[in-house]
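Biologist: I would like to learn how to read a few features of a structure. Could we take them in turn, with the general idea before the case?

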Amino acid sequence: MILIFCAPSGSGKSTFVKHLLTCYNNFELSVSATSRPPRGTEQHGVEYYFLSAAEFRQLIADDKLIEYQEVYKDYFYGTLRSEIDRIQQNGHHVVFDVDVKGGLNLKKIFGGNALSVFIQPPSIEELRHRLEGRGTDSEDMIRQRLAKASVELQDAPFFDHIIVNDDLNTALAQLDELLKQYHLI
């Protein structure tokens, strides 16, 4: 099974993925490639494969990506074919932590073999507070992320399930119930 987690930046999707990977051993994260620089303590090959924009364009030219997009100018994100092959060879469910457009693309590609989950912030105001609290983005980048989030929230109905991340423990319990419903745990 392919499990796709999507959310506007700052909504907490990485926290959900971390919960999944920590609590259950039959899931494995597909590490995405990106041309954006690392934030904080992010490491190459762990959170992302960090590449230059030129290296990313070469992957596109060589057809080594299942899907990709340029989210911001020269900030590419994409799914490596090699990651899916690696995880499936390990006998695990593939987990994606991607932005909304990437998630919609993956759902289109994998169809009924994928379960898509949209992690929704309780409000745009709370999302701003979370983005500012991260301390990793400029005010201009936060404005860009909030503008993008307003558009992404309109796509929530196109996902199989929506979990509102207002109270984290309640939202994680909803995720666990969803996984039980689909016989994934």
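This is a predicted model: local features need pLDDT of at least 70, side-chain atom pairs count only at pLDDT 80 or more; totals for chains, interfaces and linings use all residues.

Biologist: Which residue does Arg 143 form a salt bridge with?

Modeller: The partner is Asp 140, with the closest N and O atoms 3.6 Å apart. Asp 140 is also in the partly exposed class, at 41% relative accessibility.

Biologist: Why can two residues with a gap in sequence reach each other on a helix?

Modeller: The general idea is that an α-helix has 3.6 residues a turn, so residues three or four places apart point the same way. In this case Arg 143 and Asp 140 are 3 residues apart in helix H6 (residues 139-152), so about one helical turn separates them. The pair also belongs to a network: salt bridges with shared partners join Arg 128, Glu 132, Glu 139, Asp 140 and Arg 143.

Biologist: What is the spacing of Arg 128 and Glu 132 in helix H5?

Modeller: They are 4 residues apart, about one turn of the helix. Their salt bridge has its closest N and O atoms 3.0 Å apart. Arg 128 is partly exposed at 27%, and Glu 132 is partly exposed at 39%.

Biologist: Which residue meets Glu 126 in a salt bridge?

Modeller: Arg 130, at 3.1 Å from N to O. Glu 126 and Arg 130 are 4 residues apart in helix H5 (residues 124-134), so the separation is about one helical turn. Glu 126 is partly exposed, at 27% relative accessibility. The count of salt bridges in the model comes to 18.

Biologist: How is the packing of two helices described?

Modeller: In general, by the angle between their axes and the distance between the axes. Here H5 and H6 pack at about 145°, and their axes are 10 Å apart. The crossing of H5 past H6 is right-handed. On the H5 side the contact is made by Ile 124, Leu 127, Arg 128, Leu 131, Glu 132 and Arg 134. On the H6 side the contact residues include Glu 139, Ile 142, Arg 143 and Leu 146.

Biologist: Now a helix with a buried side. Which residues of helix H2 are buried?

Modeller: In H2 (residues 53-61) they are Ala 53, Phe 56 and Leu 59. Viewed down the H2 axis, these buried residues fall within an arc of 115°, so they line one face of the helix. The face turned away from that side carries the exposed residues Ala 54 and Ala 61.

Biologist: What covers the buried residues of H2?

Modeller: The cover includes strand E3 (32-34), strand E5 (65-72) and strand E6 (75-80).

Biologist: Which residues touch the most other members of the largest nonpolar core?

Modeller: That core has 20 residues, and the ones with the most contacts to other members are Leu 3, Phe 5, Phe 16, Leu 20, Phe 27, Val 117 and Leu 179. Elements that each supply at least two residues include strand E1 (2-6), helix H1 (13-23) and helix H7 (168-181). H7 gives the largest share, 5 residues. A second, separate core has 16 residues, among them Ile 4, Ile 84, Leu 106 and Phe 159.

Biologist: Is Asn 165 buried or exposed?

Modeller: Asn 165 is buried, with a relative accessible area of 5%. Asn 165 sits in the loop between strand E9 (161-164) and H7. Not counting residues up to four places away in sequence, its contacts include Ser 11, Gly 12, Phe 16 and Arg 130.

Biologist: Where is His 183 placed?

Modeller: His 183 is in the segment after H7. Its phi is positive, near 60°, and His 183 is exposed, with a relative accessible area of 70%. Another positive phi, near 55°, belongs to Asp 63, which follows H2.

Technical notes: Residues are numbered from 1 along each chain as its sequence is written. Side-chain values use heavy atoms; hydrogens and water are left out. Buried means under 20% relative accessible area, exposed over 50%, partly exposed in between (1.4 Å probe, protein chains only). The arc is that of the directions from the helix axis to the C-beta atoms. Contact means heavy atoms within 4.5 Å. A salt bridge is a side-chain nitrogen of Lys or Arg within 4 Å of a carboxyl oxygen of Asp or Glu. A nonpolar core is a set of buried Ala, Val, Leu, Ile, Met, Phe, Trp, Tyr and Cys residues joined through side-chain atoms within 4.5 Å. Axes are lines fitted to C-alpha atoms, for helices over the stretch in contact, and angles run from 0 to 180 degrees between N-to-C directions. A crossing is left-handed if the near helix is turned anticlockwise from the far one by less than a right angle, and right-handed if clockwise.
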